[in-house]
Amino acid sequence: MISVLLVDDDQELTGMLSQYLEREGFEATAVHTGEEGEVQALSGRYSIVVLDVMLPRLSGIEVLRRIRAVSQVPVVLLTARGDNIDKITGLELGADDYVPKPSSPGELVARLRAIMRRVQPADRSTSEVIRTGPLVLWPGKRQALWQGRELGVTSTEFSLLEELARCAGQVVSKQNLSLNALGCPLTRYDRRIDVHISSIRHKLGPRPDAKAWIQSVRGLGYLLIAE
Amino acid sequence: MMKPSRLFWKLFLAFWLATSLTFLVGLGLLMMGSSRPGDPHLETILAAEGQLLRQFGVESGRQLLAVWEHPADQAVGVYDSTGQLLAGAPVAQPAYTRSVIGKDGAALLLKSTHPLAQERDKGPSPWTPLIIGTVMSALFSGFMAFYLAWPLAYLRRAMSDVAQGRFETRVKPIMGARRDEIVDLAEDCDRMANQLKLLVEAQQHLLHDISHELRSPLTRMQAAIGLLRQDPARQEMVERIDRESVRMDTLIEALLTLARLQGRPESIEREPVDIVELLSLIVEDARFEAQMKGCQVSLQACPGFVSRVSGELLYRCFENVIRNAVRHTRPNTTVMVVAQVNGGVDGLTVQISDQGPGVEHSRLQSIFNPFERGLNEASAGFGLGLAIASRAVEIHGGTIHARNEPSGGLTVEISLPRWA
């Protein structure tokens, strides 16, 4: 059973969403303030957190920042439709995905499932290892080593890195990245891939020749330089 | 450096003309009086002498020259054709000589030690002061025109910035230490830009809040629809969708009321209304609601207060405040509504007091802003009631204040002037 933490100040909404999620086979718990959300998200009892950006007092973005300071638990943001700043800031701060408000609970469940598929790969053996250059990935354990050190990436970032590492040295199209790593097709004006890639680049740092390890190929997609 | 404007040229030409004319007139007066102040003019004497010699003869000419009080260095003499001095003083070196035919037909010579004005040696050319004066006045006019015109160019640029939505533009600092009406204008311009900025920000904030408020019922509707799809047997979700749509409708109506109240006081329709009667109607309705909590609503009012107001807007105003009080008062307590005529300014003061938790001191003002809600009242309302009440009171020229009572509870005091 996947346990979901809902953080939203709208109690009627979380009530209905909990019912919906439970029927879909999730275990849902709702809290209504940012402070409580932070405490609960860091308790380790939840496999995924659904966080509303518009929370009174402590905003969802701030809660996300505090969660990411210590934990890589998957976080899905609920953002107001059309509020691009919240979206981009959220993704930059390490949110795994966002669901616009209002949207159907079915949409939310689809996003949650896509993230959980990445986090808990059922069919992969835990012994599979991907090596390219200074990068070592264990997709089964969702563990990444970079230049011999543990690489702190969110589950979405891990999935993107995994896709790029499997085809290291080749261009991977954004559409494929979106389908395989985010679990949904690319939509128009979708900046999610770019924001996540920029975050991974930041974590990998520059190459000795000052170029980035992940190159963007305009109009085609992204490429992880193979050594 | 700014391009000189039309205004600059107008001011420049006006100043220049004015100063040049003044200068020219002054110069003219000076030149006319400058020849020999106090002396009859030499030219006049010579002309008169010539006239006398022709008409009356040498004797008359002699008399004129005898009475002429001439300066020591000037002399005029009349000679005959043989060079014999007939009248006046001897002239050794004539600078001016003119032959005249006397009355008796003799040829006479009129000699003067000094030439006529036109023929005299010219001192400094009369053009020199003219040119100096004109140039000086041009410089002065240019400076004055520039001094007046350049701040206006900056002001114009600031205004066009504001028109294009760049409200952070400021003109006052460019003016430096200058102090005059133009700087006052610049200050007003800056103030206007700042006000507009605040206003636009407030509007954007409001729009953001409105979209959020409209989204919440929509999101709940979506959730209810999702649940209904999941299990078509859950008919209570239809009720829920219905409730949310009613809620959206209420919100939109409240927003439209608020928008109507943003207008000017002249824009509302007024009719004579007894406000005390209005209050008793609202209290009657509120009692029903209060009974469910075991609460009372008591009304202490003066006999009547008729004023020309918008009955509908004031109804909404008092209804919002009184229902708010009923909502927040503790169970089994009384909400007091006290209305009394304020003799001093001929107005009505209404106090609505509840026995609830009150409001934090810092929020006593802001509770009248749209969408301002207490932390635990997310589902209680939209936070527009007090905003509407406050605007409705303001548009009637009244005041609204909230204060915490020492004994606990919140009192909202509304003062309305009598509008004849």
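Chain A folds into eight helices and twelve strands, where helices (H or I, at least four residues) and strands (E, at least two) are DSSP runs numbered from the N terminus. The model is a predicted one, in which local features need pLDDT of at least 70, side-chain atom pairs count only at pLDDT 80 or more, and totals for chains, interfaces and linings use all residues. Residues are numbered from 1 along each chain as its sequence is written, while chains are lettered from A and ligands numbered from 1 in the order in which they are written.

Burial is a handy place to start with chain A. Of its 227 residues, 41% count as buried; a residue is buried if 20 or more other C-beta atoms, placed from the backbone, lie within 10 Å of its own, exposed if 12 or fewer, and partly exposed in between. Among contacts in chain A between residues at least 6 apart in sequence, 55% join residues at least 24 apart, a contact being a pair of residues whose C-beta atoms, placed from the backbone, lie within 7 Å.

The largest nonpolar core holds 65 residues. Such a core is a set of buried Ala, Val, Leu, Ile, Met, Phe, Trp, Tyr and Cys residues joined through C-beta atoms within 7 Å. The members that touch the most other members are A:V4, A:V49, A:V50, A:L51, A:V75, A:V76 and A:L161. Helix α5 of chain A (residues 105–119) supplies the largest share of this core, six residues. For A:V76, contacts beyond its neighbours within four places in sequence are made with A:I48, A:V50, A:A95, A:D96, A:D97, A:Y98, A:V99, A:R111, A:L112 and A:I115. Another core lies apart from it and has 42 residues, including B:L279, B:F305, B:V337 and B:V350.

Chain A also contains an open sheet of three strands, ordered β10-β12-β11 with antiparallel pairing; two strands pair if DSSP finds at least two bridges between them. At the edges stand β10 (171–173) and β11 (214–217) of chain A, each with a single partner strand, so one side of each is left without a neighbour in the sheet. From one strand to the next, the twist averages 30°; axes are lines fitted to C-alpha atoms, for helices over the stretch in contact, and angles run from 0 to 180 degrees between N-to-C directions. Four bridges link β11(A) with β12(A) (residues 221–224) in the antiparallel sense, and A:V217 has A:G221 as its bridge partner in β12(A). Helix α6 of chain A (residues 155–166) packs on the sheet, where it touches β10, β11 and β12 of chain A, and its direction makes about 70° with that of β12(A). Helix α7 of chain A (residues 174–182) lies across β10 and β12 of chain A, at about 70° to β10(A).

Between the chains, 19 residues of chain A are in contact with 17 residues of chain B. On the chain A side, α1 (11–23) and α5 are the elements that give two or more residues, with α1(A) providing the largest share, eight residues. By class, this side has nine nonpolar, five polar and five charged residues, with Ala, Val, Leu, Ile, Met, Phe, Trp, Tyr, Cys and Pro counted as nonpolar, Asp, Glu, Lys and Arg as charged, and the others, Gly among them, as polar.

In chain B, an open sheet of five strands has the order β6-β8-β9-β11-β10 and mixed pairing. Its edges are β6 (296–301) and β10 (399–404) of chain B, each with a single partner strand, so one side of each is left without a neighbour in the sheet. Neighbouring strands are turned by 15° against each other on average, direction ignored. Within the sheet, β8(B) (residues 334–342) and β9(B) (residues 347–353) pair in the antiparallel sense over seven bridges, and B:M336 has B:S353 as its bridge partner in β9(B). Helix α9 of chain B (residues 311–328) packs on the sheet, touching β6, β8, β9 and β11 (410–417) of chain B, at about 150° to β8(B).

Elsewhere in chain B, six bridges join β3(B) (residues 96–101) to β4(B) (residues 107–112) in antiparallel fashion. Their hairpin has five residues between the strands, and B:G105 takes a positive phi near 95° there.

Methods:
Contact = placed C-beta atoms within 7 Å.
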